[in-house]
Amino acid sequence: MPAASESRPQSPVPTGDTDVDSLLDELRALDDAPVSSHGATYSALHEGLLAALNAEGNTPPHAPAPGPAKDAR
C-alpha cells in the first residue's frame with residue numbers, strides 16, 4: 001500500500017488568474033479537514049470558480065460575447 005503522501009493528487013497548477021489560483025489554493029486545506037467537510041468545500045470552490053469565470057472581462061477573445069445569437073440569414 002502506498003504511503004499517504006504518495007497517494008495524494010498533486011497540487012493544482014497555477015493558472016495565472018489570481019482569483020482562480022486563490023480558490024484552488026483552498027484545496028490544500030482538505031488535507032487536514034475531516035472528510036465530512038469536503039463536500040461543502042468543493043461546493044464553495046465550484047461556486048467561486050463559476051463566479052470568477054462569469055466575471056465581466058473574463059470572456060476569452062475567441063469566444064462569442066454573451067447575448068442572443070445572431071441570425072445567420
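Asp21 is found in helix α2, which spans residues 18–25; helices here are DSSP runs of H or I with at least four residues, strands are runs of E with at least two, and both are numbered from the N terminus. This is a predicted model, in which local features need pLDDT of at least 70 and side-chain atom pairs count only at pLDDT 80 or more, while totals for chains, interfaces and linings use all residues. Residues are numbered from 1 along each chain as its sequence is written, and side-chain values use heavy atoms, with hydrogens and water left out.

The protein chain has three helices and zero strands, giving the pattern α-α-α along the sequence. Of its 73 residues, 12% are buried, where buried means under 20% relative accessible area, exposed means over 50%, and partly exposed lies in between (1.4 Å probe, protein chains only). The accessible surface comes to about 6,200 Å², and 58% of that belongs to carbon and sulfur atoms; accessible areas come from the Shrake-Rupley method with a 1.4 Å probe, and for residues only the protein chains shown count as cover.

In helix α2 the buried residues are Val20, Asp21, Leu23 and Leu24. They cover an arc of only 160 degrees around the axis, so they sit on the same side of α2; the arc is that of the directions from the helix axis to the C-beta atoms. The face turned away from this buried side carries the exposed residues Thr18 and Asp19. The cover over the buried residues of α2 includes helix α3, residues 38–54, where contact means heavy atoms within 4.5 Å. At the start of α2, a side-chain oxygen of Asp17 reaches to within 2.9 Å of the backbone nitrogen of Asp19.

Not counting residues up to four places away in sequence, Asp21 touches Pro14, Thr15 and Gly16. The nearest side chain of opposite charge, Arg28, is 8.6 Å away; Lys and Arg count as positive and Asp and Glu as negative, whereas His and the chain ends are not counted.

Side chains of opposite charge can pair when their charged atoms come close. A salt bridge is a side-chain nitrogen of Lys or Arg within 4 Å of a carboxyl oxygen of Asp or Glu, and by this rule the count comes to one. It joins the side chains of Asp25 and Arg28 at 2.6 Å, N to O. Asp25 counts as partly exposed because its relative accessibility is 40%, and Arg28 is partly exposed because its relative accessible area is 42%.

Pro12 lies in the loop between α1 (4–7) and α2. The C-alpha atoms of Pro12 and Asp25 are separated by 7.6 Å, with the two residues 13 apart along the chain. Pro12 touches Leu24 and Leu27, not counting residues up to four places away in sequence. Its relative accessibility is 26%, so Pro12 counts as partly exposed.

His38 is found in helix α3 and is buried because its relative accessible area is 17%. The side chain of His38 reaches the backbone oxygen of Leu30 at 3.3 Å and the backbone oxygen of Ala33 at 3.3 Å.

Key: Polar contact = N/O pair within 3.5 Å; in protein donor to acceptor, adjacent residues only side chain to side chain.
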